[in-house]
Amino acid sequence: MEHTVVDIQNAVVSFREDIALRGASLKVKDGEFVGIVGPNGAGKTTLLTTVNGMGKLVSGRVWVLGHYLTPGNGHALRKKVGYVAQIQNIDPRMPVIVRDVVMMGRYGILGLLKRPGKTDWKIVDEVLELVGMTHLAQRPIGHLSGGEQQRVAVARCLAQEPEIFLLDEPTASLDWKAQVDILQLVKLVHNSRRLTTLFVTHDLSALPIACNRVVLMKQGLIWGEGTPEKMLTDANLSQVYNIPVDEVKKRRGENILV
Amino acid sequence: MLEQTLGLSIFGYQFMQNAILTALLGGIACSVIGVFVVLLHMPFIGVCMSHAAFAGALLGVWLGFEPLIGAFALSLITAAIIGPLADRGELNPETSVGIIFSLMLGIAFLIMGLMPTSQSAAWDLLWGSILTNTREDIIFLAIVATLIIGLVIIFYKEITVTIFNRNIALSVGIPATFILYGILFLTGATITTTIRPIGGLLIFSLILNPAAAAYQLTYSMKQMFLLSAVFGVLSGWVGLLVSYLFNIPSGATIVVTSSIVFGLAVLFSPKKKVKSWQAQPLPESKHG
């Protein structure tokens, strides 16, 4: 039976000195794939950080996987929530190899004083295989291309064995091929593990078709939600992105990736 | 024959024995935290801490309590506020270090201006020497070194992921803010406690050079810690031996030795070499 894993009620969340989320409510059921779409600055990332307890909740209620979020209790929750952000700037000489980065995903759930054991390394090698990065396992992380680094980030999240998978514009600043690869990987992960997935993007072409619900956001509010067919109409997008319908049509005709 | 004479005579003096032990323990302590200093990009934390110690010692002389206690107190407080100050002001730790450094310098000069008497007690504290240590100093250093190694081993996972990327550390459920403040405090506290037995000049090079040399040679953080410690101790011992043989100042010799170790590491760094199989030109592409 599908049960609710995320229940956000009227959340007001601050980001620095601004209110980035001005009263958003969202329920997510186990195994869903929710796409969160909207222009830059709409509060999409803030909505995601609300789910993993990194956002600063000013008012409202956030319930995730049985936890009510209060400031400071996020660590326990974050062990169960995987998070892939945009490409991070990594010092090319950082003395860390790919396999170690993936293992870092397990550092939280391992807990204090515990060292990675055989089972942990087995899991790491399995997810590296799944994302197709086994051949680069011994490479320094800073030497990888953007697309490869994002694959490693996905592997790191999977090594964490999370119950919720958050992706924040994982394909931003990647080339077309790398974008397609990451989107297919995300789809594969969702399909094979039935992992509840929240996928944030401002770029419609980067929204995987695995997505079975779309949340449109604008100016810190949830503008609307429903099936992709119902939500992603030219008229809706024109309003959310604040550009004429013709422009939306033109842009949508140009690029569909997956 | 030569080695034997050398070996015998250098170990014959109590102060030399102490210096050799100091180089071992101080070398390990400083070069391990040097890895933090290099990877978190804050080389001037050493200067900052020594001036905090200096200001604290002057405060002690001025107000009539033990200068050493003043030095410890002020520099431990300094070590504790680097992290929170950086976060509060949304600065990188190095900027926070710079601000605190200038404040400490200001406090030190202020007290010197207000204090008519001699400040030599404070200066001695800041510019100690590796050759004047007692057995108590050695025991103290041993405790500090053991504590640092112990903490790094116990919190190895948490420390490495936080150094690698604080946001990733947070997102996998590590209390990364607490860990980062801990790392900064440990770094500051180590410098504070080793500055007198090792000497102010020497400590900067023992923090930076071995870790920066290790950074040239490896892509494994574990190896970086180990290599750094080895380079630190080696620089100390070779420097001591050379200074003994040629009767030249030991601290300065160790500084130069560790710089040479760093220079060699840069020169022979595999990170600068193109892999042989990649150096071949690709066969001509078939397009057009």
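Predicted model: local features only at pLDDT ≥ 70, side-chain atom pairs only at ≥ 80, totals over all residues.

Two strands are said to pair if DSSP finds at least two bridges between them.

Select the four strands of chain A that make up an open sheet; their order is 2-1-4-5, and the pairing is antiparallel. Strand 2 (18-29) and strand 5 (67-68) of chain A are at the edges; each has a single partner strand, so one side of each lacks a neighbour in the sheet.

Next, display strand 1 (residues 4-15) and strand 4 (residues 56-64) of chain A, which run antiparallel and are joined by seven bridges. Which residue of strand 4 of chain A is the bridge partner of A:Val6? The partner is A:Val64.

**Second stop: A:Leu65**

Select A:Leu65, in the loop between strand 4 and strand 5 of chain A. A:Leu65 counts as partly exposed because it has 17 C-beta neighbours inside 10 Å, whereas a buried residue requires 20 or more. Setting aside neighbours within four places in sequence, the contacts of A:Leu65 are A:Val5, A:Leu77, A:Lys80, A:Glu163 and A:Ile164.

Move to helix 4 (residues 118-130) of chain A, whose 13 residues reach 18 Å from first C-alpha to last, close to the 18 Å expected at 1.5 Å a residue. Colour its buried residues, A:Val124, A:Val127 and A:Leu128. Viewed down the axis of helix 4 of chain A, the buried residues fall within an arc of 105°, so they line one face of the helix. An α-helix has 3.6 residues a turn, so residues three or four places apart point the same way.

The cover over these buried residues of helix 4 includes helix 3 (98-110) and helix 5 (146-159) of chain A. On the face turned away from the buried side are the exposed residues A:Lys118, A:Thr119, A:Lys122 and A:Glu129. Just after helix 4 of chain A, select A:Gly132, which takes a positive phi of about 70°.

**Last stop: chain B**

Finally, select chain B, which has 13 helices and zero strands. Of the 288 residues of chain B, 50% count as buried. Among contacts in chain B with a separation of 6 or more, 74% are between residues 24 or more positions apart.

How values were computed
Residues numbered from 1 in each chain as written. Chains lettered and ligands numbered in written order. Helix = DSSP H or I, 4+ residues; strand = E, 2+ residues; numbered from the N terminus. Buried ≥ 20, exposed ≤ 12 C-beta atoms within 10 Å, placed from the backbone. Contact = placed C-beta atoms within 7 Å. Expected span 1.5 Å × (residues − 1). Arc of directions from axis to C-beta.
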